[in-house]
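This briefing is for a reader who is new to the structure below. Please look through the chains before reading the notes that follow.

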Amino acid sequence: MEYFLELFFSGLTRGSIYALIALGYTMVYGIIQLINFAHGEIYMIGAFVALIVAGVCTIYGLSGFAILILAAAIAAVYAAAYGYTLEKIAYRPLRGSPRLSPLISAIGMSIFLQNYVLLAQTPDFLPFPRLIPDFAFMDDVAHIIGSPELVILVTTLITMVLLTLLIKKTRVGKAMRATQQDLNMARLVGINVDRVISLTFVIGSVLAAIGGVLVASYIGQVSFYIGFLAGIKAFTAAVLGGIGSIPGAVLGGLIIGWSESFAAGYISSDYEDVLTFVLLVVILIVRPAGILGKVRKQKV
Amino acid sequence: MTENKHKLLEVKGLTMDFGGLRAVDSVSLAVHEGEIAALIGPNGAGKTTFFNCVTGIYTPTSGDILLHPKGLETRRLNGLKPNKVTEMGLARTFQNIRLFSSMTVLENVMIGRHCRTRSGIFRSIIRNRGVREEEQEIVETSYRLLEKVGLEKFVNEFARNLPYGAQRRLEIARALATDPFLLLLDEPAAGMNPYETSELDQLICRISEEEQIAILLIEHDMKLVMKISNPIYVMEYGKKIAQGSPLDIRDNPKVIEAYLGEEVDA
Amino acid sequence: MLQDFKQSLVVSLWFVFLTFPLLVVRVNTIENVVVWRWSNILWVAIGSFVLSYFWRFLLLRRNRRQKQAEEGIASYGPLQAALDNILLRNRAMAVLLVLALIFPLIFDTYQTNIMVTALIFVVLGLGLNIGVGLAGLLDLGYVAFFGVGAYSYAILNYYFDLGFWIVLPIGGILGCLFGIVLGFPILRLRGDYLAIVTLGFGMIFKVMMENWETLSLGPSGIANIDRPGFFGVQMSLAQSTTYIYYIMIALVVLTIIVTNRLKNSRVGRAWIALREDEIACVAMGIDMARTKLSAYALGAFWAGIVGVIFAAKTTFINPASFTFMESAIILSIVVLGGMGSILGVILGAFILVLLPEYLRAFSEYRMLVFGAAMVLMMIFRPQGLISNLRQIYQYKGTKDKTAHD
Amino acid sequence: MKRMVVLCVSFVLCLAVTGVSAETIKLGVAGPHSGDLAPYGIPTMRAAQLVVKQINEQGGVLGKQVELLIQDDQCNPNIATNVATRLVSDGAHVVLGHICSGATRAALGTYREAKIPVMSPSATNPPLTQSGEYPNFFRTIASDDMQAKLAVDYALNSLGVKKVAVLHDRGDYGRGFAEFAKQALDEKEIEVVLFEGITPGAMDYSSIIQRVRREGADSLIFGGYHPEASKLVTQLERRRVDAVFISDDGVKDESFLNVAGSAAEGAYMTGPKDLSALPLNKAAVDAFQAAYGAEPGAFFQEGYAAALALLNAVQKAGSTDYDAVVNALRTEYVETPVGLIKFDEKGDAEGVGFSMFKVENGTFVEMQ
């Protein structure tokens, strides 16, 4: 039972990070039906900026939990800026082009950003300063769930609640939902669709950056390459849960996290990635709309 | 008067549900040899859904769609893939034009010949005489069809660069290229000016007479419908509410009620 | 004027802000040093200022072109016009073929070897072009089929000592079979889902080859694969490189002929129609599943064949040779050259393979430039460097009709 | 950016040198100099530059200047074969490289055919020498199986382990190490409770660590590099798993100490014997620091040693004739930063050895 709990919590931790990234995919896809392939790189840039802030602070002698929050805040700002610029440069000029065009543009952007960070910074792994303290009250259960995991879970939870409130309760959220329903209709009723799309990218990027900072401080290292795998896993999560659906992204993230964790714990970790993709193919064949997604009938 | 003619398409109690919504509710109709039948009704009455069920794009919830090709056995179309339906001799056009926009006008029509020709990958690579002859046959037939719909001067244009009315006629030519015996036209006159519309009704009549193709069309332009089609079927809220000759339909109180508030050109 | 200046200034400031942490600060948390590269601010500022002018100019030109196209004014570059001239085209091709044939006699083994790599990518590009360019099926795991071909030769050669010429068709057929088996369940998926699933296949292939030690010898790879044989003649390295070069030339010519014929055939038209509009396509009586599968499997076939040659050329393969990076490079070849355009893809392959090879200084920025090029091509020149040449049809029409008009 | 400049300059220098003197000894240097694996290739390239500069200042080899031919293979086997043909075409007499085992294997056939001696500072894959297929291949680093044997022997004799979990990163190097370790353990009939690959770059490895605990392993042998190793030891500490961490040379990196912090304490790993006390070693490192103002990086000493050994062999052989050079490599001892070495019949360096290291108080301490 304890073993099960251990795996359960490590799956939950991993899954909640996937969920944070998956939200960005799902929100963007919901509005402009585009796989934002470069979203994983935004996550990586978030983590990298946080590393730079935290690194500079520690080198100049500052340290502690507050630094982490500062780093996360700056990382979120930068991720948002990158997400915004990304949309403006690589996707906006391609609205109304054939479906393949923005997708290829997204792949190009992903390759570009990865190599940009590689060349601007370093191809090596860099250590991320340890800023999450070990809480004394967690001591007894630390072998099941440690302090960093607790921080991840709590932060993710707060973020999700805030996101839900934003989407359900605010004017902006309403505009986003309307745009998701029908972009042209939303434009007709006076919603500034361009701004809504930009905002979606910004929100998605902030979520990814939060995920990036959490992971970086949890595993203690960052490299230019971390966005690729995480991005693919998170996208799979979004599809699994039903792309376009926000609770779906969270559910999908958790399912992927758990399935990886339990597979590694009970079966073998040799085929961990294979498992994710097999899951994806099976879901797409059996239920193309995903677990919580709505079937959209194509208009003829 | 239609009883003694051969019945080509027979739809019985066709019903189509989307989730909880019943878009088409047990509609029956028939199209006979030589007829130009029309399906009319207010927007959202389920006409296009009806077409989509018949042509295999949707699988209907219940009901029967039967095709009686002349001299061949009857086939039930329910759940058949669209390409099979087309192969059987039932072609269609689309309400919101669906041309292959970056192919030329001629190539668009040539695509229509696909299901009537046979060259596969290997023969296309070898390109022997049979293939070359078949290819030439495709080109000639397609060009002739373009002449028929009056588009031969656009033959090498990209389909997307055509004027609106010409695009609609190109869709008809493309559908004709599949050698149908029944043609389903979804709002062929939508967006056309009066001159184009009058050209179109001549074209439809010519197709019906010269090619011996029966036609079922959805149309909002009442003048056109009343002029060329008989019988007329009327749908509202997914149900068939009337059928008959143009005269019957014009005086049918149910139809007038359905169109109340809608513009009646007749 | 002032408006433009202001706009560029804003862009420039924005990019300075954007690149500040990554381009200016370099923190090394291992040795605890921070490097401040202030001069980079200047470069970014100037660069983005100038580029923003370019960007606006290009966007403006693009929109103008689009409008012209809508009004039916065809804008043809001189190159495109020259290519449309059949006589000129045939002559150019003859010259190129002769050049290709005498290449190894003029240049040394190294140049020939590089050329072989370029030709391998030409065939890969043409193969992927069938799926992506013609049928519109974005395949991000194309390298897996390449790997299937390479591994089939390596394995058959290692365990059964089978020769190159026997395995060459087997490699192609195996690639094709894998294409069919993998393609069957997934081709119903919409374009972007297909992309991500094929990406998954590419990764699964690599993991399988890493883990399936008994078959693939695991991550350390298979070495000492035989070079192609020529009636048992012992060949030196230079000779066998030249030999492989000619095999590749033959394969490229074959691929060009085959894809060109297919493109202008009933099957090829169906692929293009499928790319344009799936629903209209099935309504015209085209079997979607079969058509998609044939495009996918045929692409896989070429990858399989050329995989065998790749294994014979390097004489060593390991799973690390078949990563997403390779798939991305092949895709950029197709995108850069021009989707659906055979000539474009060939040009794309030469640019992408030879440029980093001859411009060594550039090789570090290779992937950065490829990525940026993919984005820019999509925005400003979606048809690629050389757009698809149009087939010209001969038709007579009905005489009396033309007289009547 | 600086790297870029150095590359360019060295490239231009090469061109310039070619133009001036026709009669030179050409030393090819191949390895990853761009991309994500560049940190493994650049130090060797710089070592070669330092060695050549020094030797040329002292009058060169056999009275001729030494010319460097630097080629970037990006650790990609296909590019490596192209690079090899390039070096052969350019008339390289001896080649220092390649860095990755895969690229080395791919390129070796070409060099063998052209009769060029090749020496790698880092390719540790055992078959490279042991298969006997490449008589032209030498290396200044010990092979994986030696490392694995050393690690296992140490674990059994000094640490007294009973139940071992073996993990690897599925890579060429890591998996090789893990398999040799398992083989050695099987021979000694020690129970291997877990043998599995982990995904490099995965978010975390806590599940597999839970599994290690559940299987009751008292030690964890890992084959791979430091990024994954630091994640593993961190999880071991966090999850309070009481297992000794034993790994390979790929983990013995400053980054490991920094990333893993306190979790690294008590971890064991193999690594080349600490020879920093050797005067030549010190001189090499000092020269590097004078030129670049930083720590040399991975395989610097081995690369330096290989460059010295190759040029020394040419000097001793009296010509660049293949047989003479190979013979010199096998018979003549040479003083290098990794000690006084010569090469055995298979091509492995005699006198290059590995030691066990332990992390104590944030540094690597050599175990006797």
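Helices (H or I, at least four residues) and strands (E, at least two) are DSSP runs, numbered from the N terminus. This is a predicted model, in which local features need pLDDT of at least 70, side-chain atom pairs count only at pLDDT 80 or more, and totals for chains, interfaces and linings use all residues. Residues are numbered from 1 along each chain as its sequence is written, while chains are lettered from A and ligands numbered from 1 in the order in which they are written.

- A:Cys57 is found in helix 2 of chain A, which covers residues 39–59.
- A residue is buried if 20 or more other C-beta atoms lie within 10 Å of its own, exposed if 12 or fewer, and partly exposed in between, with C-beta atoms placed from the backbone.
- A:Cys57 counts as buried because 20 other C-beta atoms lie within 10 Å.
- Two residues are in contact if their C-beta atoms, placed from the backbone, lie within 7 Å.
- When neighbours within four places in sequence are left aside, A:Cys57 is in contact with A:Leu62 and A:Ile67.
- A:Val286 is 229 residues from A:Cys57 along the chain, and the C-alpha atoms of the two are separated by 50 Å.
- The mean pLDDT (the predictor's confidence in each residue, from 0 to 100) of chain A is 87, and 98% of the residues score at least 70.
- Within chain A, confidence is lowest in helix 11 (residues 272–286), with a mean of 81, and highest in helix 3 (residues 65–91), at 92.

**How the chains meet**

- Five pairs of chains are in contact, and among these chains A and C share the most contacts.
- On the two sides of that pair, 42 residues of chain C are in contact with 48 residues of chain A.
- The elements of chain C that give two or more residues to the side touching chain A are helix 1 (2–24), strand 1 (25–28), helix 7 (164–186), helix 8 (191–211), helix 14 (324–337) and helix 17 (366–380).
- Helix 8 of chain C gives the largest share of this side, twelve residues.
- By class (Ala, Val, Leu, Ile, Met, Phe, Trp, Tyr, Cys and Pro count as nonpolar, Asp, Glu, Lys and Arg as charged, and the others, Gly among them, as polar), the side of chain C that touches chain A has 33 nonpolar, seven polar and two charged residues.
- Chains B and D do not touch, and their nearest C-alpha atoms are 32 Å apart.

**Chain C as a whole**

- Chain C has 18 helices and two strands.
- Of its 405 residues, 48% count as buried.
- The C-alpha trace of chain C spans about 90 × 75 × 50 Å along its principal axes.
- Chain C is divided into domain 1 (2–70) and domain 2 (79–380), with bounds that come from an automatic or database domain assignment.
- The C-alpha centres of these two domains of chain C lie 36 Å apart.
- Where contacts in chain C join residues at least 6 apart in sequence, 78% of them link residues at least 24 apart.

**Chain B: domains**

- Domain 1 of chain B takes in 1–89 + 180–266, and domain 2 of chain B takes in 100–179.
- Taken over C-alpha atoms, the centres of the two domains of chain B are 26 Å apart.
- Between them, 13 residues of domain 1 of chain B are in contact with eleven residues of domain 2 of chain B.
- Helix 2 (82–87), strand 7 (182–186) and helix 7 (194–210) of chain B are the elements that give two or more residues to the domain 1 side of this contact.
- That side of domain 1 of chain B has seven nonpolar, four polar and two charged residues.

**Chain B: strands**

- Two strands pair if DSSP finds at least two bridges between them.
- Four strands of chain B form an open sheet in the order 2-1-4-5, with antiparallel pairing.
- Strand 2 (21–32) and strand 5 (75–76) of chain B are the edge strands, each pairing on one side only.
- Strand 1 (residues 7–18) and strand 4 (residues 62–67) of chain B pair in the antiparallel sense over five bridges, and B:Glu10 has B:Leu66 in strand 4 as its bridge partner.
- Strand 9 (residues 232–236) and strand 10 (residues 239–244) of chain B run antiparallel and are joined by five bridges.
- Strands 9 and 10 of chain B form a hairpin with two residues between them, and B:Tyr237 in the turn has a positive phi of about 45 degrees.
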